[in-house]
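Please look over the sequence and the model below before reading on.

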Amino acid sequence: MEYKEVIPVTVCADIVNLIEEKFEQKERTGLFSFTDSLGQKTTLPIRLETRGKTRLVRCEVPPVMIYFDKPALEDQRIKDYPKLKVVVPCFRDSLAEDLLYRELLVYKLYALISDYHFRVQAAELTCLDKTSQDTTHILPVFFIESDKEFRKRTETEEVNEYNVEWSDLDPEQAQIMALFQYMVSNTDWKIDHLHNLKYFRDHEEAPMVLVPYDFDFSGIVNSDYARPNPDYGQESVRQRVYLGKKNKFLDKTIHLFREKETVILQTVDEDPHLSEASKKDIKSFLAPFFKSLKSRRGRKKAFKNFTK
């Protein structure tokens with residue numbers, strides 16, 4: 001995945017049927033077209049299906065997984081990454097688009113903090129209904145790096161295990177992930193259930209690293225369908241709850257986030273997609289987090305006496 005600010009792509013498929021029968025989550029065939037870096041238009045056969053849980057139920061436009069035909073990739077001499085996760089606006093309106101860009105921002109912010117992150121790519125998706133039942137739709141979307149591409153880029157292997165414990169994890173990287181989730185006020189993850197986390201490691205005996213995804217329930221995104229997590233006594237999705245575990249890296253991680261404050265706020269300010277109102281809201285939301293890191297009292301209150 002070679003990053004550009006926005007890339008135009010076109011999908012031709014039975015789009016109307018895909019949306020109307022989204023709960024069936026069955027594969028449909030179509031075509032995926034884009035222009036490569038040399039200006040050459042490429043069209044590939046694809047299979048696509050709806051995916052997700054909450055967004056599948058609540059959203060007018062369901063999230064989608066696209067599967068590419070491996071022989072077609074080989075014919076076009078395209079890297080063998082046959083699966084593409086597509087995040088779309090929940091509805092076809094400006095508010096939903098802004099929420100989409102807020103979630104895209106979260107992935108970008110995590111990339112500033114951790115080397116173990118999924119890369120993302122914003123795109124302008126033109127949807128052509130091949131049955132001619134509806135007009136063409138143009139949607140802002142973003143793509144998430146595939147597990148296979150991540151493994152190759154980071155030289156890791158994926159681990160699919162349930163009942164993972166904190167002691168199984170790389171303690172420094174786990175602390176970074178947990179503090180980031182606290183910063184964005186996201187409680188929609190669990191390490192023992194493979195919930196909104198992927199696990200990777202360098203070799204069989206190495207501790208696992210966590211890579212988070214799906215931030216639509218976070219306070220920084222603040223989607224209208226997100227609900228407080230009753231497991232942790234949240235009264236609002238913007239009420240931060242720290243779900244990490246005490247270890248010797250917490251103070252070091254707090255220092256890391258304090259060092260990154262300027263670049264994080266600058267990234268918000270310079271985001272080309274967000275509305276000015278969203279930028280102002282996000283910076284206002286982040287301010288108490290960074291303030292809490294700068295005083296002993298604030299750290300103790302946030303992290304339950306885990307810090308010095």
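This is a predicted model: local features need pLDDT of at least 70, side-chain atom pairs count only at pLDDT 80 or more; totals for chains, interfaces and linings use all residues.

## The disulfide

A search of the whole structure finds 1 disulfide, and this link is formed by Cys59 and Cys90, whose sulfur atoms lie 1.9 Å apart. The pair joins distant parts of the chain, 31 residues apart, with Cys59 in the loop between α2 (54-58) and β4 (64-68) and Cys90 in the loop between β5 (83-87) and α4 (94-113).

The angle about the S-S bond is -100°, and the link of Cys59 and Cys90 is left-handed. Both of these cysteines, Cys59 and Cys90, are buried.

Cys12 takes part in no disulfide, and the nearest cysteine sulfur to its own, that of Cys127, is 10 Å away. Cys127 is likewise in no disulfide, with the sulfur of Cys12 as its nearest cysteine sulfur. Cys12 is partly exposed, with a relative accessible area of 24%, whereas Cys127 is buried, with a relative accessible area of 9%.

## Positive phi in two loops

Asn196, which is not a glycine, has a positive phi near 60°. Asn196 belongs to the loop between α6 (171-183) and β9 (197-201), and it is buried, with a relative accessible area of 8%.

Asp214 also has a positive phi, of about 60°, although it is not a glycine. Asp214 is found in the loop between β10 (209-212) and α7 (250-269), where its relative accessibility of 13% counts as buried.

Definitions and conventions
Residues are numbered from 1 along each chain as its sequence is written. Side-chain values use heavy atoms; hydrogens and water are left out. Helices (H or I, at least four residues) and strands (E, at least two) are DSSP runs, numbered from the N terminus. Buried means under 20% relative accessible area, exposed over 50%, partly exposed in between (1.4 Å probe, protein chains only). A disulfide is a pair of cysteine sulfur atoms within 2.5 Å.
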